[in-house]
Amino acid sequence: MSRVVLEVDVNGEELFVVDKDILARLCGRIRRLVVPGAASAKRPPRVALHGFPGGAEAFELVARFCYGGGGCSGAVTAANACVLRCAAEFLDMAADAPEAASTAAPSLVSMAEKALEEMPHWPWHTVMDAVKQCQRLLPLADTTGAFDTAVAALVSHMAVPPPAGDATPTSSSPESSAFRFSCDTKSSSLSLRGSCISRTWWFEDLVSLRPGTVERVAAALVARGTDHRIVARFLFYYLKCRIAGASAEDKKAMLEASVTVMSGLDRSAVSCKGLFGILRIAAPLKLTDACQQRLIAMIGRKLDHATLDNLLVPAPAGTGSLYDVSLVLRFLEAFLRGGAPDEPARLKKVGRLIDLYLAEVAPDPSLRPAKFLELATALPAPARDCHDALYRAIDVYFQVHGRLTEEEKMKICRGLSYEKLSPECCKHLARNGGFPTRAAVQALASQHTVLKSLVLRDPAELKPVAPSPYPSTGKRRETCYDEDGRGGAENDGQVILYAGRLDLTLENQNLRSLLDGMHWRVMELEKVCSRMKTQMTKMKARRAGSRTARSLPRMCS
């Protein structure tokens with residue numbers, strides 16, 4: 001039987017001339033590609049293998065294995081186990097093929113899988129090389145399970161300190177706060193030292209991996225039970241080292257991979273400052289909606305750790321606004337969904353932060369009243385013990401937006417709780433011409449009610465004031481005596497009540513005078529209106545008498 005020569009074009013890189021029968025006996029794909037009757041053709045038959053894993057170098061290894069009859073025990077090594085497993089899958093060299101089963105020698109698939117089972121015992125650098133190989137062999141590396149095997153072996157090495165003979169990688173300390181995303185690449189060359197070295201020695205070696213691989217490795221670390229803080233530090237470190245100088249597409253892939261893993265970590269493990277750094281980098285990249293939602297949810301859960309500078313995110317181009325208020329509202333929604341209303345300390349901290357943010361965005365002339373009101377009322381009532389800061393922000397907003405109607409101003413004022421305003425702010429509001437008159441009356445009335453309830457409360461609930469002299473009056477506190485000159489028990493309540501009144505005298509008098517002044521102005525206006533109505537009635541009567549042929553319009557009812 002004549003020998004059939006076969007030409008094999010591998011990825012357009014190189015042309016191999018091989019014996020068709022030798023390769024077809026072990027490679028099912030070759031058998032199917034060779035057309036029957038090719039031996040009678042004038043030219044040798046040719047097959048093209050496009051997308052062959054490992055390229056020409058890997059095909060040469062497969063050809064040597066086939067020429068050796070499949071019995072070459074040294075054909076598969078740690079350096080080529082992954083690529084040969086994928087090449088065998090591509091060429092359909094399974095052990096159950098009829099031609100392969102007729103040979104006593106093991107198939108290339110079984111030999112490669114046996115080598116991969118020993119991967120956890122390979123040296124660290126060899127496992128790293130295998131993982132990098134699998135990156136280039138996708139999707140076959142996934143189909144064959146070689147990638148998962150390599151990642152599992154890599155993670156098992158991370159759980160132990162580096163071998164004594166291996167050099168400890170150098171890196172920027174993962175203990176540094178939030179891993180600032182700096183373009184200064186020199187900062188990544190600092191040496192890793194300290195107590196965390198035994199758990200983070202692998203950081204720099206993994207920086208060279210692709211984003212998809214980093215996501216798989218980080219997810220495997222989490223599944224293995226690795227400390228979430230270590231995983232988060234590694235992801236921030238990876239971004240810090242790789243983000244500078246990367247293309248927009250690579251940046252997007254790195255950010256999406258990191259955010260996907262971080263969203264499954266504990267809230268306390270992820271740095272709030274680092275999350276805002278990711279947000280700043282991601283702004284022009286247009287991340288997927290799912291990734292954007294995860295990032296916003298993580299920032300919302302950490303909003304009580306944010307600063308005012310973190311929240312001052314510039315508004316998207318074309319909106320005309322200075323800051324992205326809608327984004328902050330989404331942060332607040334995520335914060336409240338995370339159970340924050342059940343934690344008063346966190347809630348009050350965010351309340352103070354939002355008051356500062358309101359003061360910053362209030363001067364923005366493009367900020368619509370509805371958006372300002374939504375931001376002012378986004379938090380529940382327990383978030384603020386005092387509404388003075390909120391009042392000042394509203395005051396600035398009214399000054400900048402002078403064209404607001406009285407109705408629009410009253411809608412915004414509904415966000416104020418007048419009972420939580422200090423007396424000083426109430427007095428300022430009463431004299432503030434920028435606020436609606438109804439708001440001023442309501443503020444004074446609420447303060448008067450509060451003071452009245454304090455003054456008229458049960459004397460048993462009022463505590464006596466200290467016996468020190470009152471700086472406002474210069475008078476000493478005196479004890480009340482009865483007609484016999486004795487301090488009776490029935491007078492004790494009067495003394496305590498009097499002390500309580502003294503404590504509130506100045507504020508009560510000021511607010512009462514303001515309220516009385518407001519009532520007096522209202523009464524004066526009513527008198528003026530009554531006089532005008534009387535005069536207009538007389539004018540109507542005189543004109544009706546002089547012009548009986550023509551009726552005047554009704555001017556005042």
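Predicted model: local features only at pLDDT ≥ 70, side-chain atom pairs only at ≥ 80, totals over all residues.
Modeller: A crossing is left-handed if the near helix is turned anticlockwise from the far one by less than a right angle, and right-handed if clockwise. Residues are numbered from 1 along each chain as its sequence is written, and side-chain values use heavy atoms, leaving out hydrogens and water.

Colleague: Happy to. What handedness does the crossing of H15 and H16 have?

Modeller: The H15 and H16 crossing is left-handed. H15 covers residues 272-282 and H16 covers residues 289-301; helices (H or I, at least four residues) and strands (E, at least two) are DSSP runs, numbered from the N terminus. In total, the chain has 25 helices and 3 strands.

Colleague: Why are H15 and H16 called roughly antiparallel?

Modeller: Their angle is about 150 degrees, with the axes 10 Å apart. Axes are lines fitted to C-alpha atoms, for helices over the stretch in contact, and angles run from 0 to 180 degrees between N-to-C directions. Under 35 degrees counts as roughly parallel, over 145 as roughly antiparallel, 65 to 115 as roughly perpendicular and the rest as oblique. H15 and H16 are therefore roughly antiparallel.

Colleague: Which residues of H15 and H16 meet?

Modeller: Leu275, Phe276, Ile278 and Leu279 of H15 meet Gln292, Leu295, Met298 and Ile299 of H16, where contact means heavy atoms within 4.5 Å. By class, this contact has 7 nonpolar, 1 polar and no charged residues. Ala, Val, Leu, Ile, Met, Phe, Trp, Tyr, Cys and Pro count as nonpolar, Asp, Glu, Lys and Arg as charged, and the others, Gly among them, as polar.

Colleague: What makes H12 and H14 roughly parallel?

Modeller: H12 (residues 211-224) and H14 (residues 248-262) pack at about 10 degrees, with axes 9 Å apart. That angle is on the parallel side of the cut-off, so H12 and H14 are roughly parallel to each other. From H12, Pro211, Glu215, Ala218 and Ala219 meet Ala253, Met254, Ala257, Thr260 and Val261 of H14. The classes here are 7 nonpolar, 1 polar and 1 charged.

Colleague: And how do you know that H4 and H6 are roughly antiparallel?

Modeller: The axes of H4 and H6 (residues 108-117) come within 9 Å and cross at roughly 150 degrees, and H4 and H6 are therefore roughly antiparallel. The crossing of H4 and H6 is left-handed. Residues making the contact include Ala81, Cys82 and Arg85 of H4 and Leu108, Glu113 and Leu116 of H6. By class, the contact of H4 with H6 has 9 nonpolar, no polar and 2 charged residues.

Colleague: Why does Glu89 count as partly exposed?

Modeller: Glu89, in helix H4 (residues 81-90), has 33% relative accessibility and therefore counts as partly exposed. Buried means under 20% relative accessible area, exposed over 50%, and partly exposed in between (1.4 Å probe, protein chains only). Glu89 touches Leu140 and Thr144, not counting residues up to four places away in sequence.

Colleague: How much of the chain counts as buried?

Modeller: Of its 557 residues, 42% count as buried. The largest nonpolar core has 144 residues, of which Phe52, Met93, Trp202, Leu206 and Leu375 touch the most other members. Its largest share, 9 residues, comes from helix H13 (residues 228-242).

Colleague: What makes a set of residues a nonpolar core?

Modeller: The members are buried Ala, Val, Leu, Ile, Met, Phe, Trp, Tyr and Cys residues, joined through side-chain atoms within 4.5 Å.
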